[in-house]
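Please keep the sequence and the 3D view side by side.

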Amino acid sequence: MKWTGLNELREKYLSFFESKDHLRLPSFPLIPRDDNSLLLINSGMAPMKKYFTGEVTPPRKRVTTCQKCIRTPDIERVGITARHGTFFEMLGNFSFGDYFKHEATAWTWEFCTKVLEMPEDKIYVSIYENDDEAYKIWTEEVGVSPDRMVRLGKEDNFWEHGEGPCGPCTELYFDRGEKYGCGKPTCGVGCDCDRYVEFWNNVFSQFVNDGKGNYTPMDHPNIDTGMGLERLACIMQGVDNLFLVDTVQNIMKKISELVGVSYGEGEKTDISLRVITDHIRSTTFMIADGVMPSNEGRGYVLRRLLRRAARHGRLLGTTDPFLYKVVDTVIHENPAYPELAEKRELIVKVIKTEEESFRRTLDQGFAMLNEIIEKSDINRISGENAFKLNDTFGFPIDLIVEEAEEKGMTVDIDGYNALLREQKERAKKARKNAGADAWLSDSADLSGIDATEFVGYEKLLEDAKILAVIKDGERTQFGGTGENIVVVLDRTPFYAESGGQVGDKGTITSDGVKLSVVDTVKDSNGIYMHRCYIEEGTIEVGNTVRAEVNKENRMAVMRNHTAAHLLQAALRQVLGTHVEQAGQLVTADKLRFDFTHFSALTDEEIAKVEKIVNEQIFECVDVVTKVMPIDEAKKLGAMALFGEKYGDEVRVVMVDEFSREFCGGTHVDNTSKIGLFKILSEGSVASGVRRIEAVTGSGVLGVLEEMTGVLYGSMKALKATSISELVNTCEHTVAELKEKDREIESLTSKLSVVAIDGLFTNSELKKGVRVISGKFESTNSAMLKMMSDRVLEIAPKTVAVLFGIDGDKANIAVACGKETLLKGANAGKIIKAVAALVDGRGGGKPERAMAGVGDISKIDNAVAKAEEVVLGFISE
C-alpha cells in the first residue's frame with residue numbers, strides 16, 4: 001500500500017468504476033433540486049433519491065460520482081476534535097435495478113486490494129446479522145477469511161429511514177494497529193476506539209418498508225455505496241485525521257502563514273486552525289454553488305460558518321479580514337471542481353464583504369457583551385440580553401454561548417428561544433397570508449404518463465389529446481363547468497414555469513368546451529400540468545382539444561425575458577464580471593432580476609446600464625437560439641445559471657457577441673421587438689445580492705403615462721403653468737415650509753420654557769432636591785426634549801418628570817440636574833420606575849432618559865406619585 005494523494009484517489013475510484021460500465025457524473029450542486037427536505041446535499045445518495053424511488057429515470061443504470069457534501073449538526077464540535085468536519089467528499093457507485101450483491105462486493109474488494117493495494121489482512125468486513133447471502137458471497141466468492149467477518153445488528157448494518165426503500169448493508173473496516181486501540185479484550189470491529197476505521201459502506205436496497213415493520217422484497221433491488229474520500233485518504237496517507245490529509249493540510253498551511261501560528265503549537269490554537277480550515281473549505285464550495293449569506297436557511301449556515309471562522313481568526317490575533325485570501329489555495333487544491341475557478345472573483349468578494357460586515361458586528365457586540373458580563377453577578381447571561389445581542393447587533397447566539405463558556409458563565413437559552421419564538425410569531429401575523437388554492441395540487445399520481453412534448457418554441461396553437469385530469473389532488477375521468485382542474489396533454493404550446501419565467505396562460509377548447517388556462521407548471525419527469533378553470537362544457541380523458549397560448553401575454557413575457565439577458569450583460573460591463581444571476585422573475589408586467597453585487601448602484605451606474613440595454617434594442621440585433629453540446633457552449637462563453645445542473649446538451653440564447661446564456665425560456669427573435677427598456681428600482685434583497693425591477697415595451701408606456709399624470713397633477717396642485725416651472729415652484733414651496741418649521745420650532749421652544757417655568761411655582765426642596773412633574777397635552781417627544789434641556793440649563797438641583805400626550809400616543813421624559821446626580825438621582829433608573837406605573841418601557845443616561853407610555857389612563861396617577869418615586873433614589 002503506497003501513499004496516495006487525495007486528488008489521485010478520487011480519480012482512481014471514478015476511473016475504476018468507469019471501467020465497470022458506470023457513467024461518471026460530475027458532483028451535483030450543494031443546493032438540492034426539487035427536494036425541500038434538505039437545506040444542503042449531505043450524502044452521495046441525496047441528489048439521486050428520485051432515481052432510487054423511480055420518480056425520475058436515471059441517465060444510466062450504473063452511475064459513479066464523487067459528491068461534495070455539507071453536514072452541520074455537529075458544528076460546535078468542529079475544531080474541538082480532529083474527527084469532525086462540515087465539508088467532505090463522498091465517493092459512490094450506484095446501481096438502479098442493475099447489478100446487485102455479487103458484483104458490488106467483488107468490485108469493492110478488487111478496488112481496495114488490487115487498485116489501492118491495501119493489505120488483505122488489514123481489512124475486516126461487517127454484514128447484517130441475518131444476511132447469510134452476503135456472508136456466503138464474501139467468504140466463498142470473494143475469499144475473505146471468516147475470522148475477518150463480523151455480524152452486527154440492525155442498528156449498525158441495516159439502512160432505513162422510516163417508510164420506503166431499505167435493506168442490509170456491508171461495511172469495510174481498516175485495522176490501523178494496536179497502538180490505536182483501547183486495550184480492552186473485546187476490542188474489535190464496532191468498537192468506539194480509533195483502531196478499526198470504517199471506510200466503505202455498501203447498502204443493499206432490496207426491501208420496501210411500509211412504515212409498520214413489514215418488509216416487501218423489491219422487484220429490482222438497488223446498490224447505494226458511500227466511501228468518504230477524506231477518510232480513505234487518511235488510511236492511504238497514514239495520518240490520524242482529515243486535517244493532516246495533503247490537500248487539507250496545504251489549506252491549513254496557508255492559514256498559518258496569514259495568522260502567524262503553526263499547527264501543533266498549542267491545543268487552543270490548533271482548535272482555531274481546524275475550525276478555519278474546515279469552514280473555509282465549506283464556504284468556498286457553498287458560494288460557488290450559489291449560496292449567499294443571509295439570516296435564514298442555507299444562507300444562515302454559510303454566514304454562521306464564515307463568522308465562526310472569522311471569530312477564530314480573532315482568537316489567533318487577526319482582526320483584519322483574511323479568509324478571502326485563502327480562497328485561491330482552496331481552489332488550487334481542488335482541481336476536480338472547475339466551478340471554483342469560474343466563480344473565484346465572486347467567492348472572494350462575498351467572503352471579504354461578509355468578513356468586513358462581521359468585524360463591525362463583533363466590535364459592537366463584544367463591547368455590549370463585555371458590559372453585560374461585567375455587570376452580571378449571577379454568572380448567567382439572561383435570555384433578554386442574549387436576544388438583544390442577537391436581534392439588535394446581529395451577534396450570533398452560538399458565539400454568545402461560546403464566549404460565555406470561556407468566561408465560566410451560562411446563557412439562558414430557554415429564555416432566548418422564547419423571545420425568538422415571540423418575534424417570529426409577530427412577523428408571521430404581520431405578513432399577509434395569501435394562501436394557496438387547493439385545486440392547484442399537482443401531487444396526484446401520474447405514473448404511466450410520458451413526458452409532454454413541448455412545441456411552444458415554434459407554435460402558439462396546437463391540437464392535443466387529454467391524457468389526464470386532476471381534481472382535488474386526485475386523477476379523475478371527467479371535468480365539468482365551474483370546476484378548477486389540472487389538465488395533462490400529450491403535447492402543448494404552453495411554456496411551463498421554469499428558470500424564473502412564469503407559465504403561459506391561454507385557452508383549451510373543443511366543440512362546446514372552453515377552459516381558461518391560468519398557469520402552467522411541470523414536474524420533475526417533464527409532465528406539463530395546465531391549471532384550468534372550466535368556463536363551459538365537459539371534458540373527458542382521451543378528448544382531442546385545441547391548446548392556444550395567449551399571444552399578447554406570451555409576447556410581453558418574451559420581451560421581458562430577452563431584456564433580462566441584456567440586463568445581465570450590461571451589468572457585467574458596468575460593474576464587473578463578479579455579477580451573476582442570483583434569481584429572477586419574468587412576467588408579462590415586468591422583470592425582476594437578482595444579481596450578486598455588494599453595494600447600491602449609483603444613479604450614474606443605473607443610467608449607464610439602462611443606456612447599454614436600449615442601445616442593443618435600437619440596433620435590432622437578431623436573437624438566436626441553438627441546442628449544442630455543453631462543452632461547445634462553454635467554449636462560446638455562454639453563461640450558466642448559478643448552481644444549476646445541466647445535461648450533455650444545452651440550449652443557448654445568443655444576442656450576437658453581447659449576450660450568450662444557457663436558457664430554456666422563450667425569447668423574441670430580434671431585440672427591436674423589446675421596444676424600450678426602463679429600470680424602475682434597484683435595491684438590496686440580501687447580503688451581497690441586489691435586485692433590479694424593470695419594464696419593457698408597453699410597460700414603459702404605462703410608466704410614462706403614470707409619470708405624466710403625476711407631473712400634471714403636481715402642476716395643478718402647486719399652480720405651476722409648465723413642467724419647467726414645476727421644479728422652481730417645488731423648491732420655493734420647500735423653502736417656505738422650512739421657514740415655517742423654524743418658526744414653529746421657535747414658538748415651541750418658548751411654550752416649553754413657559755410650561756416648565758410654571759411647574760417651579762409650587763415646588764419645594766426636599767432632601768436638597770426639587771422635584772417637578774406634570775402632564776402636557778399636544779406635546780410630542782421633541783417638545784419633551786426641549787423641556788428637559790430647559791431643566792438641565794437652569795435648575796441644577798431639580799429632577800423633572802414630564803409626560804407628553806400626542807394624539808393616542810404618550811411619552812415620558814426625566815431630566816436630572818447636575819447637583820441631583822451627586823445625591824443619587826439617575827434618570828435611567830427613575831424612568832424605569834415611573835414607566836412601570838403606566839405600563840411603559842424605556843431607559844437612558846443618568847442625566848436624561850425617555851420612555852413610552854403603555855396606558856395613557858394611568859398618567860395622572862403617575863404624575864401624583866412621581867415625587868415619591870424620585871425621592872426614593874435620593875440620599876440625605
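Which residue just after helix 7 takes a positive phi? Gly260 does, with a phi of about 75°. Before going on, note that this is a predicted model, where local features need pLDDT of at least 70, side-chain atom pairs count only at pLDDT 80 or more, and totals for chains, interfaces and linings use all residues. Residues are numbered from 1 along each chain as its sequence is written, and side-chain values use heavy atoms, with hydrogens and water left out.

Helix 7 covers residues 246–259; helices here are DSSP runs of H or I with at least four residues, numbered from the N terminus. Its 14 residues reach 20 Å from first C-alpha to last, close to the 20 Å expected at 1.5 Å a residue, where the expected span is 1.5 Å times one less than the number of residues.

Now find Ser256 in this helix. Ser256 counts as buried because its relative accessibility is 11%, and buried means under 20% relative accessible area with a 1.4 Å probe, protein chains only. Leaving aside residues up to four places away in sequence, Ser256 touches Val261, Ser262, Tyr263 and Leu273, contact meaning heavy atoms within 4.5 Å. Other buried residues of helix 7 include Ile251, Met252 and Ile255, and the cover over the buried residues includes helix 1 (6–18) and helix 8 (267–288).

Finally, turn to another part of the model. In helix 9, Arg304, Arg307 and Arg308 are among the residues that meet a group in helix 14 including Asp398, Glu402 and Glu403.

Key:
Helix = DSSP H or I, 4+ residues; strand = E, 2+ residues; numbered from the N terminus. Buried < 20%, exposed > 50% of the residue type's maximum accessible area, 1.4 Å probe, protein only.
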